[in-house]
Amino acid sequence: MKYAGIIFDLDGVLCSTDEYHYRAWKMLTDRLGIPFDRKVNERLRGVSRMESLEIILEKSVQKYSNEEKQRFAEEKNENYRKLLSSMSSADLSAEVVDTLGNLRAQKVKLAVGSSSCNAPLILKKLELDSFFDAVVDGNDIIHSKPSPEVFLKAAERLKLPPSQCLVVEDAEAGVQAAAAGGFDCAALGRVQQPVRWRMKTFSDLLKL
Ligand code: BG6
Ligand code: MG
């Protein structure tokens with residue numbers, strides 16, 4: 001492993017909660033009659049809850065007040081947390097567990113850099129809450145991805161410069177954030193932008 005540290009995005013990288021985010025927004029948008037599909041959902045990856053709502057409302061003919069928007073974001077979060085309620089360590093794939101264990105055995109420092117305010121809850125459910133050397137999430141940052149803030153804070157907590165850390169992402173906004181912070185990035189999924197590494201599967205990390 002050529003990196004001293006790895007900073008993982010959470011939703012869509014360590015676990016499949018990206019699908020729950022989609023379903024939770026879909027419940028809200030169906031109720032409001034706003035068109036919302038997986039194509040729009042791609043733009044929400046890595047983006048904060050309120051910024052995601054603004055993207056969704058681009059398709060709404062009706063305009064909403066800030067108070068209404070606040071209530072919609074809360075409703076989506078309630079939908080999301082209901083979907084999370086049955087989550088457990090069984091939702092972590094064997095591949096992710098084995099790869100993290102292998103990297104830990106190689107003494108690579110491991111962190112989470114997520115835009116989600118639900119990250120602490122999810123990590124607890126996955127029984128990963130005391131596994132990482134650092135966790136920086138939506139509760140710790142002012143600017144969501146594509147700002148590099150979340151990754152810069154994670155690198156700082158790992159006591160490593162960005163040049164020695166790899167960011168693992170599934171989102172365009174996350175890839176942009178990594179580049180803006182001076183990090184190499186490994187991308188999973190449908191990311192279009194150029195990245196240093198393209199992964200087919202999580203364990204590809206062990207080939208770097
Ligand atoms: C990111 C997700 O990890 O967290 C986004 O990719 C989500 O889809 C964002 O909007 C914020 O999440 P939360 O849990 O704070 O609403
Ligand atoms: Mg993600």
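**A guided reading of the predicted model**

E127 is placed in the loop between α6 (119-125) and β3. In this predicted model, E127 has a positive phi of about 60°, although E127 is not a glycine. Most residues other than glycine have a negative phi. At 59% relative accessibility, E127 counts as exposed. A second residue of this kind is K107, found in the loop between α5 (94-105) and β2 (109-113). The phi of K107 is near 65°, a positive value in a residue other than glycine, and K107 is exposed, with a relative accessible area of 71%.

Read from the N terminus, the order of the elements is β-α-α-α-α-α-β-α-β-α-β-α-β-β. The radius of gyration is 17 Å, close to the 17 Å that the globule rule gives for 208 residues, so the protein chain is as compact as a globular protein of that length. Taken along the principal axes, the C-alpha atoms fill a box of roughly 55 × 35 × 30 Å.

Among contacts in the protein chain with a separation of 6 or more, 62% are between residues 24 or more positions apart. Of the 208 residues, 50% count as buried. The accessible surface of the chain comes to about 10200 Å², and 50% of that surface belongs to carbon and sulfur atoms.

Helix α8 (residues 172-181) gives a local view of burial. In this helix, A173, G174, V175, A177, A178 and G181 are buried. What covers these residues? The cover of the buried residues of α8 includes α7, β4 (165-169) and β5 (184-188). Just after α8, G182 takes a positive phi of about 85°.

K153 and E149 both lie in helix α7 (residues 149-158), four residues apart, about one turn of the helix. An α-helix has 3.6 residues a turn, so residues three or four places apart point the same way. The closest N and O atoms of the salt bridge between K153 and E149 are 3.9 Å apart. K153 is partly exposed, with a relative accessible area of 29%, whereas E149 is buried, with a relative accessible area of 16%; the cut-off for buried is under 20%.

The loop that leads from β3 (134-136) to α7 contains P146. A cis peptide bond joins K145 and P146, with omega about 20°. Most peptide bonds are trans.

The charges can now be considered across the whole chain. The mean positions of the 30 positive and 30 negative charges are 2 Å apart. How many salt bridges does a search of the whole structure find? The search finds 16 salt bridges. One salt bridge joins the side chains of E19 and R38, at 3.0 Å from N to O. E19 lies in helix α1 (residues 17-32) and R38 in helix α2 (residues 38-42), so this pair ties together parts that are 19 residues apart in sequence. Both partners have some accessible area: E19 is partly exposed at 25% relative accessible area, and R38 is partly exposed at 44%.

A further salt bridge is formed by K207 with D204, the closest N and O atoms being 3.1 Å apart.

Definitions and conventions. Residues numbered from 1 in each chain as written. Chains lettered and ligands numbered in written order. Predicted model: local features only at pLDDT ≥ 70, side-chain atom pairs only at ≥ 80, totals over all residues. Heavy atoms only, no water. Helix = DSSP H or I, 4+ residues; strand = E, 2+ residues; numbered from the N terminus. Rg over C-alpha atoms; globule rule 2.2 N^0.38 Å. Buried < 20%, exposed > 50% of the residue type's maximum accessible area, 1.4 Å probe, protein only. Contact = heavy atoms within 4.5 Å. Areas by Shrake-Rupley, 256 points an atom, 1.4 Å probe, with all protein chains shown as cover. Lys, Arg positive; Asp, Glu negative; His and termini not counted. Charge placed at Lys NZ, Arg CZ, Asp CG, Glu CD. Salt bridge = Lys/Arg side-chain N within 4 Å of Asp/Glu carboxyl O.
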